[in-house]
Every structure is written in structure tokens, then in C-alpha cells.
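Have the viewer open and follow along.

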Amino acid sequence: MDTGIRLALTLSQIGAVMVAVLLTVAALTLLERKVLGWMQDRMGPMEVGPYGILQPVADGLKLFFKEDIIPAGANKFMFSMAPVLSLVPALIGFAVIPFGPDWTVDVGGVNFKPFVITDINIGVLYILAFASIGAYGIILGGWSSNSKYSLLGGLRSAAQLISYELNVGLSLVGVLLLSSSLSLVTITNAQAGGFWNWYFFGGGGFPQAVAFVVFIISAVAETNRTPFDLPEAESELVAGFFTEYSGMRFAFFFLAEYGNMILVSCVATVLFFGGWHPPYPGTLMEYIGLGHLIWLEGIMWFVLKVAFFLFLFFWLRATLPRLRYDQLMRFGWKVLLPIALGNIVLTSIVAYLFPGN
Amino acid sequence: MKLKEWVKTLLFYEIALGMKATLSHFLHYKPITLQYPHEKKPLPPNYRGMLALLRYDDGTEKCVGCDLCEAACPSRVIRVVSAEVPGEPTKRYSKEYYMDMTRCLFCGLCVKACPVDALGMTQEYEWAVYDKRQLQLNKQQLLAIGDRNFPVREKRLEFQHPNVAYFNVGFKEIPQKEQ
């Protein structure tokens, strides 16, 4: 009986998070074009619906009804597996993201956490591991297409992901040292009580601002976004690793890219910007006498922070040109890696000298 | 100076500058584009658009079949088949008149070359077609373009007008407009 209730609760939770993520992806496809347009003195999509707000629906329908082409000479199994391999890791990472207060509710004798799907004690590691699996989708998609552009895109992406995943991992070590936990829920709880407790501003003793800059640069590179979008560089490689993809398979890659963007924004929010904690001590809802709506305030702050990072992605795309490939590699290995390592050394010294701070 | 450069690099000064520029455009959003099929840019009055053959106010064609436009055209767009007006050996008109608009570069030299102002350039520019053979226009089509773009026509020239006197001596049986 307990198992049944737990299963039903978890499944409904997963469903809710999935729907929220996919709706956000749909909104992002439109918002990205709109924001880019506004920044470039254009209007963005305006045809479908008032001010183009139905554009994601039109895009989705178009992709759904497009012909599904498998190129001649392609490895059919790998070709159909690659989009799934790319999409699943992008969506599965949301399982450990806490998006609301760390409450435990008792539903029919089952302890249930409504605002995080599962609080495993290796959450950060789990996200990093699945982000690495996502790279397989891109590489295999590029390789199995039997096309030179796809192959080049896949190879570029392989090199880029390996270089920059290292920096993502190392930039998070500072936060992990200070919080002495890999669980995202514990890390969030350690940042409660005002923005000065967030790890970005120096919660835990040592500000992780440098680590955050390294993280956000590497994250942009890892999600293959401009200015690090070499795997899908339109002007050189047609569309990079998904040149040969069409229809729903292409849509899967697209969903994966945007899903990764949201995931990376969530991770940045949770690790450096206090997750769902508001930037002031206590909660505003209690001041105005709506104590039962604290969770709503938490979720609102989480969504706001994530939205800011997503906007940052668009903003960077509108501003920066693409790097050259040797610049990309040199920047990753010779600049970001030493900075990340130096941050770890400094943070561990501080964490050793002032423990429990 | 070296230190200043270093500080700038460390603080992402150039990137911040660029992002400030994009953000200011985002905040002061004022699109400079037009929603083309719904909004159209006003054209200047001397816009050189689609070519057209013109008529006088009584519906007679202006063209006298002199072939000067054909000679003036740098891209060999125009082909004129000139003929005598039946029964009036002193008078000529264009029996057939073809324009291959796929080659036209809209220089307007044919319009300048015409001694009787029989050619005009309209404001039409939406001439994208699915079959490029649809751009090979004959005389009837060119006259129709002229009719719909110049509803107010020029008065017929005087008999004594030097151009008319030179090119067209009589006016008894000039081809009427086909209804």
C-alpha cells in the first residue's frame, strides 16, 4: 500500500516537473527569438497568433508532421538512438533539483518531499554524470549520419565537451568544500537567510564568484550555445551534428539543447545563488500574514533566478561572436582550468582555517 | 597601461561593454523593420519598377514601333516587331512587343530612349512568380500594366508635334484599345 502511494506521488511529481520543463522549453524557443529580435532592433516572430505567441505550437506541429529522413549509408540504429541519448540525460537531471522549501509531508503514512523529486546524497555527481552521457548523443549523432558536416560537428563537440566538463566539475568543488555535501537540498539549505549567505557572495566563508564565472562560461560551452556553438556553427558546418536530422529526431536534439540550458541555469541557481531562498532573511509571505504560501514565494524566487540565467544565455548570444576553435581550446585549458584549480586551493585553505563558518 | 589592460581583461570589460549595448537596445526597443506583407515601405516617386506600355487618353497606343528602345536596352530585354498600320503606309505601330523581364535590370534607358513617351516605369515590384516563363511579357500584358498603373493618361499629341509629325503622319486607323 505504501509502495503504491509512493509510486503514485512520485509519478505525479515527475509528470508535473516534466510538463513544467517542456512548457518552459516551448516558451524558450519563442522567447529566445523574441529577445534576440528586440536586442537587434527587430520584432521576432509576429505572424502566428497575436505578437507571434503561438509560434512554438506552429513549430511543434511542423516538426511533428515533417518527413523522417534517414540518410543513405547512415548507421540506422545509432542514428535513431542518438536523439534519445541526447534528450534523456537533459531531462533526467531535473530529478535532483530542489525547486521549493525542503519540507517533508506525510501522505498516508508515506514521507514525501513535495518540492524535490528525489534528494539523493550525490546529486551534483549525478547531474555531471548525466551531462557527460548527453555528449554521447551528440557525438554518435554526428558520426552515424554519414555526412562530413555532421562528423566535424560531432568531433568538435567531443573535444569541447571533454575540455569544458572538467571546468564545470572543478568550479563546483569550491561550493562542495564549503557545504561539505553533494546533495543539492543540503547545499540549498546551507544558503538560507539572506543573500550574504549565498555561496556567490561569500556564504560559508569564501566568495565563490570566480568559480561562478568559470562555471557559467563552461556551462555555456557545455550546452553548445553561442559564443561556444562550434559543434553546430551555422556559417561553417550547416548545422553541425544534426545536419542530417529532420522531423521529430531533430526536435529531440532541440529539446535537449534547451533542456540542458534550463538544467544548467537550475544548477547555477542552486549552487551559487541560494536555490529557492529569497535574498532577504525570513519570508515576505509571513510578514503579510499568508504563512501557508511560503512555498509559493520560494518557487517564485527559484523561477526568477533561473529566468535570469536563461536571459543571460540569450543576452550572450545576442552580444558575442563565435570563438575560433584554437581560441576555444586555449581558453578552456590554459585560462579556465588554472583559475578553477586556484579557486579550489584558496577555498580549501579557507575551509581548513575557518571550519564550520 | 599594462596593468589597466589586465584589469580590463579580468573584469570582462569589453564583454560588459558589448552586453550593455545589446541591453540598451533591448530596453529601448524600437524596431526598424517592417512587417513586409502587411506594411510596405513608401516608394520614391521616381522609383524604377515594372515596365509598362502607355496609351493616350483616347485609348490609342503611343508606341510607334521605332525600335529605339530595343536599341537602347543593354540587356536585350525588348523585342519589337514593327509594322505599317494597314491602309496607311506612312504610319507604323508595334505589331508585336515582347519584354523578357528575367533579364531586365531596370536601368530605365528604354524609357529615356522612347521619342513618344510610350514606355513608363511603374511602382510595381512584387513580380515573383513560380514559372519564369510568366515573366516573358507580350504587348497585351504590358499595356494592361500601363492601364492599371496610369489611369490618368496624357492628352493625345497635336498633329504638329515634331515627334508625331516625324513618326506618325496620319491617324485615321490607329489600333483601338481591345476591350
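Which residue takes a positive phi in the hairpin of β2(B) and β3(B)? The residue is G87(B), with phi near 85°, and the hairpin has two residues between the strands. Before going further, keep in mind that this is a predicted model.

β2(B) and β3(B) run antiparallel, and eight bridges join them. If you want one pair to click on, take A83(B), which stands opposite Y93(B) in β3(B). As background, strands of a sheet pair through backbone hydrogen bonds, either parallel or antiparallel.

Now look for the other partner of β3(B). Strand β3, residues 88-100 of chain B, also pairs with β5(B), again in the antiparallel sense, over two bridges. You can pick out both ends of these links: M99(B) has L137(B) as its bridge partner in β5(B), while D100(B) has Q136(B). Put together, the strands make an open sheet of three, in the order β2-β3-β5 of chain B, with antiparallel pairing. On the edges sit β2 (78-85) and β5 (136-137) of chain B, each of which pairs on one side only. Helix α5 of chain B, residues 139-149, packs on this sheet and touches β3 and β5 of chain B. The direction of that helix makes about 85° with the direction of β3(B).

F106(B) lies in the loop between β3 and α4 (109-113) of chain B. F106(B) is not a glycine, yet its phi is positive, at about 55°.

Zoom out to chain B as a whole. Its secondary structure comes to six helices and five strands, and reading along the sequence gives the pattern α-α-β-α-β-β-α-β-β-α-α. Chain B has 179 residues, and buried ones make up 20% of them. Take the contacts in chain B with a separation of 6 or more: 73% of these are between residues 24 or more positions apart. The chain is divided into domain 1 (1-30) and domain 2 (51-167). The centres of these two domains of chain B, taken over C-alpha atoms, are 59 Å apart.

Where does chain B meet chain A? The contact involves 13 residues of chain B and 11 residues of chain A. On the chain B side, these residues are seven nonpolar, five polar and one charged.

Next, the nonpolar cores. The largest one has 84 residues, and F215(A), A268(A) and L271(A) are those with the most contacts inside it. Helix α9 of chain A, residues 247-272, gives the most to this core, with 16 residues. A second, separate core has 27 residues, among them L53(B), C63(B), C110(B) and V116(B).

A82(A) is found in helix α3 (residues 76-92) of chain A. With 29 other C-beta atoms within 10 Å, A82(A) is buried. Apart from neighbours within four places in sequence, A82(A) is in contact with G137(A), L140(A), G141(A) and S144(A). For a sense of scale, the C-alpha atoms of A82(A) and V185(A) are separated by 32 Å, and the two residues are 103 residues apart along the chain.

The last stop is Y51(A), which sits in the loop between α1 (2-39) and α2 (55-65) of chain A. Y51(A) is a residue other than glycine with a positive phi, near 55°. Y51(A) counts as partly exposed because 14 other C-beta atoms lie within 10 Å.

Definitions and conventions
Residues are numbered from 1 along each chain as its sequence is written. Chains are lettered from A and ligands numbered from 1 in the order in which they are written. This is a predicted model: local features need pLDDT of at least 70, side-chain atom pairs count only at pLDDT 80 or more; totals for chains, interfaces and linings use all residues. Domain bounds come from an automatic or database domain assignment. A nonpolar core is a set of buried Ala, Val, Leu, Ile, Met, Phe, Trp, Tyr and Cys residues joined through C-beta atoms within 7 Å. A residue is buried if 20 or more other C-beta atoms lie within 10 Å of its own, exposed if 12 or fewer, and partly exposed in between; C-beta atoms are placed from the backbone. Helices (H or I, at least four residues) and strands (E, at least two) are DSSP runs, numbered from the N terminus. Two strands pair if DSSP finds at least two bridges between them. Two residues are in contact if their C-beta atoms, placed from the backbone, lie within 7 Å. Axes are lines fitted to C-alpha atoms, for helices over the stretch in contact, and angles run from 0 to 180 degrees between N-to-C directions. Ala, Val, Leu, Ile, Met, Phe, Trp, Tyr, Cys and Pro count as nonpolar, Asp, Glu, Lys and Arg as charged, and the others, Gly among them, as polar.
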